[in-house]
Amino acid sequence: MSMSCDLVTQKAVRSIFILITLLLVSLLGDAEAKTPFFKGIKKTVVLDPGHGGHDIGARGPDGGLEKNVTLTLATELAAALRDEYKVVMTRTGDYGLDLAGRTNTANHSEADLFISIHTGGSFLHNAGGIIIFYFRELSDQTLASGSEPLKSFEDSDDQITWDEIQQKHTGSSSILAKSIQSRISGKVKFSRCNVQSAPLLVLRGADMPAVLIETGYLTNPAEEKALKDPEVISRLAAAIRQGVEDFFSKFE
Ligand SMILES: [Zn+2]
């Protein structure tokens, strides 16, 4: 009786030992598998195609509508980003959205980046070029005219109301704008590609680095033609993607 009991105990001990060994091996294997997984948690990029529905935005001399150009470019950019990033679009079809709704999508998605896409529009047909905006309460023009200096909220414990939350990110947003600018410049033929700051409402409440890109003037006949060219759109998307990668690599 006691012999067989011992035998059972021995067998049980051996089984437990084997189980523990298997468990350890599987845990170690898991840990190895998980290291790159944790390193590679996908960043979230929210893309905001400007206008939509009744709100057509700018109209080109050849009938091109800003709301369509922004959706085409955002869709192309989303496809270019999706292998490495989680991409959320504020709109995926031809419908209107208010500015707060666009910013809220970025905040609710806990986005790492927010990119709003527009085209320029002017009654001057020769006005042209790409402008990448980041948010500042006072625009470059106002600052240049010598008014009071902008109070910096970076690294400050001041109470910030939700509608001015973007001021926490002024520094990183300007780095994002410059990262995208340096990838676009030279690769896509537009008359210029500048970075500017402006108090843009759609960026104001965004609690992450954010820019608004005006991808050329739709009211400029040459640029309207370019913005209808799928080749130009895909080059723009590739350049913006590289700018986004450069931006993230600066903070890793
Ligand atoms: Zn617009």
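# Close-up views of the fold and its zinc site

**View 1. Helix α2 and what surrounds it.** The buried residues of α2 pack against β1, β2 (86–89), β3, β6 (210–217), α7 (221–227) and α8 (230–250). Here contact means heavy atoms within 4.5 Å, and buried means under 20% relative accessible area, with exposed over 50% and partly exposed in between (1.4 Å probe, protein chains only). Helices (H or I, at least four residues) and strands (E, at least two) are DSSP runs, numbered from the N terminus. You're looking at a predicted model, in which local features need pLDDT of at least 70 and side-chain atom pairs count only at pLDDT 80 or more, while totals for chains, interfaces and linings use all residues. Residues are numbered from 1 along each chain as its sequence is written, and side-chain values use heavy atoms, with hydrogens and water left out. Back in α2, the buried set is Glu-66, Lys-67, Val-69, Thr-70, Leu-71, Leu-73, Ala-74, Leu-77, Ala-78 and Leu-81.

**View 2. The whole protein, for orientation.** Zoom out for a moment and you'll find 8 helices and 6 strands. From the N terminus on, they run α-β-α-β-α-β-β-α-α-β-α-β-α-α. Of the 252 residues, 44% count as buried. Among contacts with a separation of 6 or more, 81% are between residues 24 or more positions apart.

View 3. Which protein atoms hold the zinc ion? The donors are NE2 of His-51, an OE atom of Glu-66 and ND1 of His-118, lying 2.1 Å from the ion. Donors are N, O and S atoms within 2.8 Å of the metal (3.2 Å for Na, K and Ca); water is not among the atoms, so sites may look incomplete. Along the chain, the donors of the zinc ion follow the spacing H-x14-E-x51-H. Glu-66 sits in helix α2 (residues 66–81) and His-118 in strand β3 (residues 113–120), so this pair ties together parts that are 52 residues apart in sequence. Glu-66 is buried, at a relative accessible area of 3%, and His-118 is buried too, at 15%. His-51 belongs to the loop between β1 (44–49) and α2, and it counts as buried at 17% relative accessibility.

**View 4. Two residues with positive phi.** His-51 turns up again here, with phi near 65 degrees, a positive value in a residue other than glycine. Glu-110 also has a positive phi, near 50 degrees, and isn't a glycine either. You'll find Glu-110 in the loop between α3 (99–108) and β3. Is Glu-110 buried or exposed? At 66% relative accessibility, Glu-110 counts as exposed.

**View 5. Strand β1, covered on both faces.** In β1, 6 of its 6 residues are buried. Thr-44, Val-46 and Asp-48 lie on one side, with Val-45, Leu-47 and Pro-49 on the other. In a regular strand the side chains alternate between the two faces of the sheet. β1 pairs with β2 in the parallel sense over 4 bridges; two strands pair if DSSP finds at least two bridges between them. Val-45 has Val-87 of β2 as its bridge partner.

View 6. α8 has 21 residues and reaches 30 Å from its first C-alpha to its last, close to the 30 Å expected. At its start, a side-chain oxygen of Asp-229 comes within 2.9 Å of the backbone nitrogen of Glu-231. The buried residues of α8 include Val-232, Leu-236, Ile-240 and Phe-247. A nonpolar core is a set of buried Ala, Val, Leu, Ile, Met, Phe, Trp, Tyr and Cys residues joined through side-chain atoms within 4.5 Å. In the largest one, with 40 residues, those touching the most other members are Leu-47, Ile-115, Ile-132, Ile-180, Ile-184, Val-211 and Ile-240. The largest share of this core, 9 residues, comes from α8. What does Ile-240 touch, not counting residues up to four places away in sequence? Its neighbours on that count are Leu-73, Leu-77, Ile-115, Ile-180, Ile-184 and Ile-213. Apart from this core lies another, of 17 residues, among them Phe-114, Ile-131, Ala-206 and Ala-210.

Technical notes:
The expected span of a helix is 1.5 Å times one less than its number of residues. A polar contact is a pair of N or O atoms within 3.5 Å; within protein, one must be able to donate a hydrogen and the other to accept it, and residues adjacent in sequence count only if both atoms are side-chain atoms.
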